[in-house]
Structure formats: structure tokens, C-alpha cells
Amino acid sequence: VQLQASGGGLVQAGGSLRLSCAASGRFLSIVAVGWYRQSPGKQRELVATITSGGSTNYADSVKGRFTISRDNAKNTVYLQMNSLKPEDTAVYYCNADITSGLGRKYNYWGQGTLVTVSS
């Protein structure tokens with residue numbers, strides 16, 4: 001199983017980006033997915049999560065600006081980021097709990113995608 005994160009780039013403050021996290025390989029289901037970010041010199045922090053049932057949770061710093069969603073048919077989770085600020089600049093990673101065909105749950109990380117917000 002692999003997670004492929006994409007969609008990062010350079011955007012001006014106030015702009016928008018949509019990140020994607022696509023799961024590939026053989027598995028039964030994607031349980032929960034989270035987006036994390038890490039800026040230089042800082043610890044990785046949780047940005048948003050979504051459960052298999054669609055329940056979402058957000059860091060206070062992104063509430064009202066970011067939206068996490070999932071397309072189960074495409075095994076993909078999205079992070080829509082609006083009203084971006086320079087402090088949102090970071091490498092964004094997706095993380096997922098995925099159930100194997102034998103019913104065991106494993107945790108995977110994507111490779112990260114860089115988001116740079118210019119002022």
C-alpha cells in the first residue's frame with residue numbers, strides 16, 4: 001500500500017490550494033486519514049482528520065479556512081485550503097489507517113508535498 005500526496009505549490013497569501021492523498025495497492029478499506037504539516041524547525045502538527053464515517057476535526061489555526069473530504073470510490077482524501085497565510089507554509093503529509101485484506105489495520109505516511117505561501 002502506498003499513499004501519494006500531491007497538490008502543493010507556491011501561492012500568494014489569500015489564495016487557495018487543494019491537496020490530494022491517494023491510496024494505492026491492495027487493501028480492504030481506508031479507516032481514518034489525517035493531514036499533518038511540518039515547518040522548518042518545528043514539530044509536525046496535526047492539521048485535519050476525517051474518519052471512515054466522514055467525521056472531521058481541525059486544528060484551531062485552520063478552522064474555517066481548510067476543509068478535509070474524502071472520495072471513497074477513488075480512495076482519495078482532499079484538503080482544500082483557502083485564505084492561505086504565510087504561516088501555513090510547510091511540508092504537508094497525509095497519514096492513514098488502512099485495513100488489509102486480512103482485516104488487520106496498518107498505518108501509512110505519504111511522502112509529503114510542499115506548500116509555500118508568499119506574503
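Cys 94 is buried, with a relative accessible area of 0% (buried: under 20% relative accessible area; exposed: over 50%; partly exposed: in between; 1.4 Å probe, protein chains only). The structure is a predicted model, in which local features need pLDDT of at least 70 and side-chain atom pairs count only at pLDDT 80 or more, whereas totals for chains, interfaces and linings use all residues. Residues are numbered from 1 along each chain as its sequence is written, and side-chain values use heavy atoms, with hydrogens and water left out.

A search of the whole structure returns 1 disulfide, defined as a pair of cysteine sulfur atoms within 2.5 Å. Cys 94 is joined in this way to Cys 21, with an S to S distance of 2.2 Å. The two cysteines link distant parts of the chain, 73 residues apart, with Cys 21 in strand 3 and Cys 94 in strand 9; strands (E, at least two residues) are DSSP runs numbered from the N terminus. The disulfide is right-handed because the torsion about the S-S bond of Cys 21 and Cys 94 is about 75°. Cys 21 is also counted as buried, at 4% relative accessibility.

The largest nonpolar core comprises 30 residues, and among those with the most contacts inside it are Trp 35, Leu 79 and Tyr 92. Such a core is a set of buried Ala, Val, Leu, Ile, Met, Phe, Trp, Tyr and Cys residues joined through side-chain atoms within 4.5 Å. Strand 9 contributes the largest share of this core, 5 residues.

Tyr 93 lies in strand 9, which spans residues 90-99, and is buried at a relative accessible area of 15%. The structure holds 2 aromatic pairs, a pair being rings of Phe, Tyr and Trp (its six-membered ring) with centres within 6.5 Å; planes under 30 degrees apart count as stacked, over 60 as edge-to-face and the rest as tilted. The rings of Tyr 93 and Trp 109 have centres 6.4 Å apart and planes at 85°, so this pair is edge-to-face. Trp 109 is in strand 10 (residues 105-109), so the pair ties together parts 16 residues apart in sequence. Trp 109 is partly exposed, at 39% relative accessibility. Tyr 36, Tyr 93 and Trp 109 form one aromatic cluster.

Arg 44 lies over the face of Tyr 93, 3.8 Å from the ring centre, and its charged end sits over the ring of Trp 109, 4.7 Å from the centre. The criterion is NZ of Lys or CZ of Arg within 6 Å of the ring centre and within 35 degrees of the ring normal.

Terms used
Helix = DSSP H or I, 4+ residues; strand = E, 2+ residues; numbered from the N terminus.
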